[in-house]
Amino acid sequence: MLSAVAGASSMFIPSLGFFGGANAQTAASPSGNTGHYHFRVGEITATVLSDGIIGGPPRIYASNAPEVELEEVLRQAFLSTEHMTLNMNTLLIETGGRRILIEAGAGKTMGPNGGRIFDNLAAIGLGPADIDAVVISHTHPDHVGNLRTADGSKAFPNARVFVPKADWDFFVANDPDLSYMPVPQDFRTRFAANIKSSLEPVSRDIELYEAGDEILPGLTTIVAAGHTPGMATFLVHSGKEQLLLTADLAYHPVINVDRPWIPGPDRDKETALNSRRRIFDRAAADRIPVLGFHFPFPGLGHMLKTDEAYAWVPANWAF
Ligand SMILES: [Zn+2]
């Protein structure tokens with residue numbers, strides 16, 4: 001893909017910090033490349049809307065990888081050994097006269113290269129007021145950051161916002177102990193504060209859900225706890241067609257699918273591992289198309305079961 005050319009230049013920019021800048025790509029998108037991608041799931045119109053990119057040291061996302069092996073795997077995949085770039089692929093589904101956004105994206109809560117979702121909505125002729133529901137997999141800032149405008153009001157003024165109850169209880173209703181996260185303390189403090197402030201404008205009429213049900217027509221939540229106490233993944237379905245969203249079961253396919261390394265931000269690593277295996281197995285066995293929130297844009301492909309683990313097979317681009 002052409003975007004790989006733009007991405008390659010980032011390897012020569014020194015890392016600026018955790019999850020943040022460190023990439024040559026700017027919010028102005030000088031390349032003019034698209035950040036939206038249309039496809040269908042049966043009768044449902046689906047559009048991946050990029051919110052841009054975040055990233056950080058690869059070690060954060062592959063906590064148990066042997067150092068030498070991690071560097072070798074990154075080199076073989078032509079990826080930087082210094083900085084891992086992660087996309088944010090939010091998904092808009094249009095069904096039954098409703099527009100449902102799955103994940104809100106980071107905005108500027110995790111560095112300067114988020115917040116593109118509004119430009120990408122505009123590019124397909126929509127504005128934030130056209131969104132009827134926003135469904136969040138878990139309340140990390142890169143999934144809820146865009147819920148708040150710069151002046152502190154609701155960014156999607158007409159949307160019902162759905163958040164997993166166990167994440168609300170852990171991150172919002174209480175002061176979370178984030179000592180399990182392999183990042184500096186000042187990062188954890190900002191991370192926790194950004195979750196609360198992002199959700200504050202929608203707190204009065206929030207819909208707290210427990211995963212396992214069809215919460216909107218064509219959208220079923222799947223229990224995927226471990227990364228956070230309440231993380232859910234999603235099945236979009238219409239007739240015989242399905243799309244499985246994996247949220248943050250994996251950050252990057254090279255290190256968390258092709259290699260089974262454990263994301264450092266997983267709070268309960270054993271439970272997260274079980275969720276990952278159960279949902280990846282389902283995707284592979286039933287040959288369900290998959291959308292990875294943080295995978296290279298647009299993040300669509302399939303999970304292939306291999307003797308040892310899985311392999312990520314990106315989908316062909318469709319015009
Ligand atoms: Zn994430």
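## The zinc site

Are H143 and H294 buried or exposed? In this predicted model, both H143 and H294 are buried, and each of these histidines also takes part in holding a zinc ion, which is coordinated by D142 through OD, H143 through NE2, D248 through OD and H294 through NE2, at 2.0 to 2.2 Å. Read along the chain, the donors of the zinc ion follow the spacing D-H-x104-D-x45-H. H143 belongs to helix 5 (residues 141–144), whereas H294 sits in the loop between strand 12 (290–291) and strand 13 (300–305), so the pair ties together parts that are 151 residues apart in sequence.

What makes the arrangement of the four donor atoms irregular? The angles that these atoms subtend around the zinc ion run from 89 to 158 degrees, and this is why the arrangement is irregular. For comparison, ideal angles at a metal are 109.5 degrees for four tetrahedral donors.

## Enclosed space

When the whole structure is searched, three cavities of 30 Å³ or more are found. The second largest cavity holds about 50 Å³ of space, and its lining is made up of N89, I102, E103, F234, L245, A247, L291 and F293.

## Helix 6 and its cover

Helix 6, which spans residues 165–172, has D167, W168, F170, F171 and V172 as buried residues. The cover over the buried residues of helix 6 includes strand 6 (160–164), helix 7 (185–199) and strand 7 (207–209).

Notes
Residues numbered from 1 in each chain as written. Predicted model: local features only at pLDDT ≥ 70, side-chain atom pairs only at ≥ 80, totals over all residues. Heavy atoms only, no water. Donors = N, O, S within 2.8 Å, 3.2 Å for Na, K, Ca; no water. Tetrahedral: all angles 85-135°; square planar, octahedral: opposite > 155°, others 65-115°. Helix = DSSP H or I, 4+ residues; strand = E, 2+ residues; numbered from the N terminus. Buried < 20%, exposed > 50% of the residue type's maximum accessible area, 1.4 Å probe, protein only. 1 Å grid on protein atoms, 1.4 Å probe; cavity = no way out; pocket = protein on both sides within 12 Å on 5 of 7 lines; lining within 4 Å. Points joined across faces, edges and corners; volume = space filled by probe spheres on them. Contact = heavy atoms within 4.5 Å.
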